[in-house]
Amino acid sequence: MTILDVRGISRRFGGLQALSDVTFSVPKGQIVGLIGPNGAGKTTFFSTLVGLIRPDSGSIQLDGTSVVGQKPHKVAALGMTKTFQNVALFAESSVLDNVLTAGLLRHDVETARKEALICLDRVGLKSVAHKLAGNLSFPERARVELARALCTGPKVLLLDEVMAALNPVEMQEIMNLIRSLRDDGITLLVVEHHMRAIMTICDRILVLNFGRLLADGTPEQVANDPVVVEAYLGRSMEAHK
Amino acid sequence: MSKTTSHRGGLSRRSLLAGTASLLASPMIVSSARAQAKPVNIGVIMPLSGANAQFGINSRNGIELVADEINAAGGIKALGGAKINLIVADATSTPTTAGTVAQRLITQNEVTAILGAFASSLTIAISEVTERRDIPLLTMSFADQITGRGFKNIFQIVAKASALGKAQLDYTLAIAQASGAKIDKIAIMYEDTAYGTAQAAGLRAAAKAANIDIAMDDAYPLGITDTTPLINKLRASGAQAVFPVSYLNDSLLLIRTMRQQRITIPAIGGAAGYVIPDFEKGLGEFAENVLSIAPANYDLAPDLTERFRKRFGYFMVHEALEHAVALDVLVQAIEKAKSARAEDVTMALRGAKFTGGWTKAMTGGAVEFDSTGLNTLSVPVMAQWRNKELVTVWPKDVAKGTAVWKS
Amino acid sequence: MSASQPLLEIKGLNAGYGEIEVLHGIDLQMFEGEFVCIIGANTAGKSTILRAISRLVPHVTGTLRFAGNDLSSRASHDIPTLGIAHVPEGRHVFSDMMVEENLMLGAFTARHAKDLSSRMEGIFELFPRLRERRGQLAGTLSGGEQQMVAVGRALMLQPKLLLLDEPSHGLAPKVVEEMHDAFTKIHSRGTSILLVEQNVGLALDVATRGYVLESGRIALQGTSAELNENPAVRAAYLGI
Amino acid sequence: MKRWIAILAVIAIAAVLPLLLSPTGYWIRVLTFTLLFAAMAQVWNIIGGLANQTSLGHAAFFGIGAYTSTILVLKFGISPWIGMFAGGFLGGVAALIIAVPTMRLQGHYFALATLAFGEVMRVIANVWTSLTGGPVGLSVPFVPPSIAAYSFKQLLPHAYIALIALIIVTVIFEAIRRSAMGYRLRAIKENPAAAEVIGIDTTKVKLQTAVISGVLMAMLGTLYAQVAVFFDPDTVFSAASISIRVALIAILGGVGTAIGPILGALFIIPVEELMNDLFSSGAAGLSQLIFGVILIAVILWRPRGFITVFDSLMARFSSKARS
Amino acid sequence: MGGVYAVISIGLTLVYGVMGIVNFAQAEFLMIGMFVSWFAWAYLGLDPVLAAPLSFAVAFGIGWLVQGQLIARVLKAPSVAQIFLTVGLLIVIENGSLLLFGSQFRSVTTSYQIMSLSLGALFISVPYLIAFGMSLACGLALWWFMRTSWFGRAMRATAQNPMAAQLMGIDTALMYKIAFALGVGLTAFGGAVILPYVTVFPGVGGQFVVLMFTVVVLGGLGSVAGAVVGGLAVGVIQALSSLFFPIQLQNLILFIVFIFVLAVRPQGLVGASR
């Protein structure tokens with residue numbers, strides 16, 4: 001069953017074609033990796049999906065409902081949200097309040113608080129629930145970001161570099177978490193730089209370059225696609241191979 | 001430095017000097033003890049900061065002059081030579097503050113009466129407090145509302161704004177007629193403040209009564225920086241005389257812009273900006289022969305008003321003069337009541353006719369309040385700038401010079 | 001300066017923003033004429049090292065010396081006078097100013113020098129595209145051109161040490177290659193370069209020596225060839 | 001628990017205090033205005049503190065409230081109590097009208113746009129003479145004292161009404177702060193994009209706060225009109241003595257906290273009075289000058305408000321207690 | 001009038017543009033400029049317009065001190081603290097000058113006060129013309145300074161990107177001082193040139209403050225070109241509104257246009273990058 005269906009999404013910023021004619025669809029319960037060099041348009045693409053950026057053309061269907069032109073809060077209510085690459089926490093609120101606020105989308109304050117604690121427990125941050133979000137380390141903040149997105153009760157969750165700056169142990173934990181979310185029926189799109197991680201957890205990988213979808217396939221297919229290697233890893237990698 | 005024994009907070013150099021003086025004069029203490037009756041506190045609430053500060057300070061100067069003179073002449077005789085103790089306070093430009101200050105003066109300083117507060121809005125706010133506390137309030141604010149609300153403790157020393165506006169027109173017609181000119185078309189321009197609108201209403205009503213065509217009737221925002229549109233409209237209106245009602249800055253701007261545009265019809269100002277020394281200072285020769293209505297003018301009693309000029313260095317502007325009269329009348333009332341209790345003073349103020357002293361500087365030569373508290377004897381005067389002085393030119397019975405009418 | 005004395009010497013550097021410490025006990029040194037890179041994951045603290053050198057980080061402890069000068073006592077606007085030019089991450093060109101003006105500002109501390117026009121000429125030789133665009137507002141340029149402006153602006157100082165922070169970020173591969181060719185040229189003319197780069201392959205390609213930063217600590221160091229062959233580096237950063 | 005005892009104690013003291021002052025006197029007037037300004041600053045705090053939108057145009061709603069109830073008394077003899085709600089309604093409408101175009105403005109732009117809106121209202125009140133009496137202003141008629149007519153001979157009832165108003169708006173503020181709306185507002189304040197993405201309708205929440213703040217401010221305008229008895233457009237629509245002053249009170253006290261505006265009002269209003277009392281007769285401008293100097297000093301000392309003094313005292317206290 | 005509005009407002013926009021601070025006390029420097037010029041006229045017999053550089057210098061000095069001693073301390077504080085610091089400054093300057101100079105309205109008499117040039121039916125006031133010319137000259141001088149001098153460049157760089165400016169070796173703290181001093185100096189200069197037709201008193205700033213903000217925000221906060229456009233726009237709006245509406249409503253119409261422009265173009269007519 002297709003949960004997310006994207007057709008012909010394009011977006012220009014001034015002279016820059018940030019996204020051009022991106023088309024793909026995701027069945028429910030997949031973990032899809034989105035990779036591409038810096039500036040390839042990954043973050044722009046996520047922002048477009050959740051309604052922060054309005055595409056110039058194209059359609060986005062979430063579980064059968066069109067979300068193009070909807071405000072982000074509407075998209076979130078329909079079940080799709082994202083984390084922020086540059087960690088956009090409410091720095092002067094506690095960790096718990098950060099997550100709780102997201103829970104308010106579907107619950108009252110008290111239930112949201114319980115939900116938030118569950119979400120924090122899942123990302124392993126229950127112990128710092130009462131710290132100010134701004135006082136956490138970068139890796140911790142990324143996990144709060146994840147818990148917050150989770151607490152909106154999404155059908156589709158877009159994770160933008162949640163593993164940046166994690167050590168291998170932490171990374172393994174997050175990977176396990178992502179898998180367990182999938183087992184709960186959440187569909188995940190993951191932008192990540194860490195190749196090994198993405199190759200391990202993803203069922204499928206999309207490669208974006210200059211706003212264009214370059215490849216779409218299993219991790220093995222993508223890793224062996226010469227076009228991808230050239231674009232993403234660059235000439236020098238070729239030389240060292 | 002004033003010589004008043006006014007309340008200034010803290011120990012002043014003056015009171016130290018006074019203390020030293022009394023020590024030196026110790027043998028005399030016994031004989032003068034009886035004369036040292038409890039001073040009478042009189043509240044003076046004026047806008048001492050903000051846009052109206054200058055007028056507030058002028059008013060205070062006038063009041064201090066009279067207070068010092070009375071104190072020097074032995075104080076209030078009916079109270080055993082009690083000295084007048086002025087409690088001066090800043091109303092700022094906010095009516096609510098003025099009201100609070102009045103409350104303070106009444107409860108903290110137990111004032112017998114309050115003088116103030118130049119601007120009508122401030123005076124009205126104070127009157128709401130004085131009325132509830134039964135304290136007499138003497139004012140030269142001339143908004144019609146002041147005595148129009150049936151208050152029992154308010155005394156308006158000058159004619160009302162509507163009367164001033166009416167006189168502004170009527171006197172002008174008379175002056176023009178006296179020099180053989182006829183006016184049937186006029187222009188009114190006024191700042192959209194309480195003062196401007198009230199006086200313009202008076203002008204309008206008078207013009208209607210006299211069957212004069214109002215070719216232009218425009219309000220403009222206070223603090224206007226470009227009067228060209230107004231003057232363009234004036235030119236187009238074909239009016240034979242213009243009646244601007246404004247404070248100094250706008251007055252200067254209007255007259256200058258008129259002259260720049262070679263408009264030579266007479267301008268008859270509505271007091272405020274037209275009857276202060278700065279008007280002449282700003283315009284120089286171009287102030288000559290400009291007419292203005294005024295509630296009172298210093299040349300009606302030069303012997304008195306020259307004392308002001310001597311002490312403060314400029315002629316006694318009308319608000320200073322009227323406040324001086326107000327204090328004089330108040331003291332006369334205290335003398336008459338032989339009491340400094342507010343109720344007694346109010347009783348004494350109402351209905352009686354006050355003559356002598358500063359009252360002769362007013363047009364009626366005396367002051368008499370009707371049941372609403374309005375001084376029925378006061379009529380406005382028309383003054384004209386002549387060689388850096390304001391000369392009263394109308395009404396004829398008090399005029400000190402003949403009006404020059406050029407058009 | 002003797003050859004044995006390092007041009008840049010960092011010892012026990014701790015640095016952070018507010019309550020968060022980003023760098024923990026960094027030791028790093030480089031000699032005149034070297035081309036050194038710092039690699040590592042996003043947010044590992046690479047940029048913070050450069051920002052600490054330029055005195056842009058509020059809380060810094062440890063030793064920071066450049067050509068015999070103690071940097072910790074300097075104000076940030078003093079740093080260029082010592083001959084350090086910093087190309088910040090995200091380029092930070094003066095977008096409402098012309099390309100030429102941007103370049104001139106690079107020489108602000110050397111504004112009394114007589115050879116400014118020949119310096120600019122040199123930059124136009126390195127990046128011919130900038131010559132065409134000299135009168136254009138920097139904000140209207142493409143990303144690659146803006147990066148050229150940022151690098152050119154730094155070169156106007158004729159620095160002894162050039163700090164480059166993520167110069168390939170968000171650029172097309174072709175432009176990245178051009179850029180790296182330019183770095184090689186700049187280095188060959190005698191300027192020492194300290195490069196921070198997320199694109200590990202490219203970084204090791206141009207630099208002679210490198211440091212690997214992980215969570216605010218130096219995890220590894222060595223020549224580019226050594227690092228390139230290191231299985232841990234290959235696994236972690238090259239995805240192989 | 002302890003907290004509640006402390007709060008009740010403060011309310012009890014506040015409730016007794018007016019009784020100790022002369023019911024017709026000066027200090028009770030100062031107290032009344034202090035309480036009223038604390039309430040106004042608290043209402044401002046809903047939008048300025050919780051939504052982080054520094055409005056400099058709250059005089060607009062305030063004046064609407066003052067004028068509405070007074071005009072209703074004057075023209076139709078309707079009790080100010082009813083007028084208060086009518087004013088509140090109009091205040092809410094005005095808040096909505098100004099919120100729609102200004103909502104997406106940030107920081108300084110928002111502040112200046114609201115400042116202009118306050119001025120627009122002032123000019124309208126000045127010009128629309130037939131309704132508002134124009135620049136001359138309006139006097140609240142002196143009717144026989146009764147609670148129903150909201151008319152009292154003494155200031156004491158006014159002081160209590162102001163106190164009750166302050167308690168009510170503080171409770172409203174605190175309720176909003178702790179409710180789902182409070183969380184949403186904090187989220188919007190700290191990161192509007194992230195707030196949207198986690199499902200917060202930022203537009204709706206901002207509009208709601210603006211309207212609540214506008215309604216309450218207008219209702220306080222009625223209270224003010226009843227105490228001050230006389231006002232003109234320059235007074236109730238004043239940028240300096242209403243809009244900027246209530247913001248200043250909240251900010252000096254500690255913006256976004258429930259006690260901030262109260263601390264601010266307890267400081268500013270009495271200090272202004274004291275300065276006026278001590279210095280205003282001596283030399284024109286001196287009292288205001290000293291007030292300005294104190295203001296600057298306080299801002300340099302505590303840019304985040306008096307509340308931080310409390311916070312640091314508490315911190316020192318608790319750290320001592322621990323050690 | 002537009003040109004004069006522009007010059008008194010350029011200072012405000014300069015201060016905002018470089019430092020991001022909205023200076024509510026800006027109009028007080030207009031008053032200071034007017035007073036300096038008035039004293040120069042009264043005691044030195046200098047024409048107020050010729051005294052304008054003196055006004056500039058005095059305000060520059062005061063601005064330098066104010067920035068260095070007061071505003072520099074709140075640059076990192078919340079913006080509301082910055083706003084209210086300048087509000088405090090406004091109160092201090094206004095009442096300080098009330099103490100020092102008294103409350104009288106002062107005006108100057110110039111030989112050209114009633115001169116005008118006539119172009120057919122149109123009269124152009126010479127004092128306005130002089131003020132406009134001086135404003136223009138001053139605006140051009142500023143433009144030239146900002147374009148061609150090292151300091152001007154450094155200041156623009158600081159405004160656009162303080163971090164990068166530091167990396168260029170620009171002492172941004174010094175630039176802030178210069179910008180603030182220059183900004184208030186320009187406003188004071190504007191005050192001097194309007195003295196021939198505006199009377200000065202301690203509260204005169206209040207008459208201009210809202211107008212200045214309207215000009216600056218209409219043009220785009222922080223944009224010098226915006227201040228010029230905004231100034232001219234305000235002049236035009238005032239002139240047009242007086243043709244179609246009662247003169248009394250000119251400010252009302254101005255503010256409504258202002259709110260409307262902000263709603264449509266939040267960055268002002270000339271969108272600044274900030």
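## Helix 8 of chain B and its surroundings

In this predicted model, the buried residues of helix 8 of chain B pack against one helix segment and several strands of chain B: helix 7 (161–178), strand 6 (185–191), strand 7 (213–220), strand 8 (241–245), strand 9 (268–270) and strand 10 (291–294). Those buried residues are B:Ala194, B:Tyr195, B:Gly196, B:Thr197, B:Ala198, B:Gln199, B:Ala200, B:Gly202, B:Leu203, B:Ala206 and B:Ala207.

Helix 8 of chain B covers residues 194–209, 16 residues in total. From first C-alpha to last it reaches 23 Å, close to the expected 22 Å. B:Asn211 follows the helix with a positive phi, near 60°.

## Helix 13 of chain B

Helix 13 of chain B runs over residues 318–337 and has 20 residues. Its C-alpha span is 28 Å, close to the 28 Å expected at 1.5 Å a residue. Of its 20 residues, 16 are buried, so helix 13 of chain B is largely enclosed by the rest of the structure. Just after the helix, B:Lys338 takes a positive phi of about 55°.

## Helices 1 and 7 of chain D

Helix 1 (residues 2–20) and helix 7 (residues 156–178) of chain D pack with their axes 9 Å apart, at an angle of about 160°. The two helices are therefore roughly antiparallel. Helix 1 of chain D passes helix 7 of chain D in a right-handed crossing.

From helix 1 of chain D, the contact uses D:Arg3, D:Ile11, D:Ala14, D:Ala15, D:Pro18 and D:Leu19. Helix 7 of chain D meets them with D:Leu156, D:Ala159, D:Tyr160, D:Leu163, D:Ile167 and D:Arg178. These contact residues divide into 10 nonpolar, no polar and 2 charged.

Technical notes:
Residues numbered from 1 in each chain as written. Chains lettered and ligands numbered in written order. Predicted model: local features only at pLDDT ≥ 70, side-chain atom pairs only at ≥ 80, totals over all residues. Heavy atoms only, no water. Axes fitted to C-alpha atoms, helices over the stretch in contact; angles between N-to-C directions. Helix = DSSP H or I, 4+ residues; strand = E, 2+ residues; numbered from the N terminus. Parallel < 35°, antiparallel > 145°, perpendicular 65-115°, else oblique. Left-handed = near helix turned anticlockwise from the far one by under 90°. Contact = heavy atoms within 4.5 Å. Nonpolar A, V, L, I, M, F, W, Y, C, P; charged D, E, K, R; others polar. Expected span 1.5 Å × (residues − 1). Buried < 20%, exposed > 50% of the residue type's maximum accessible area, 1.4 Å probe, protein only.
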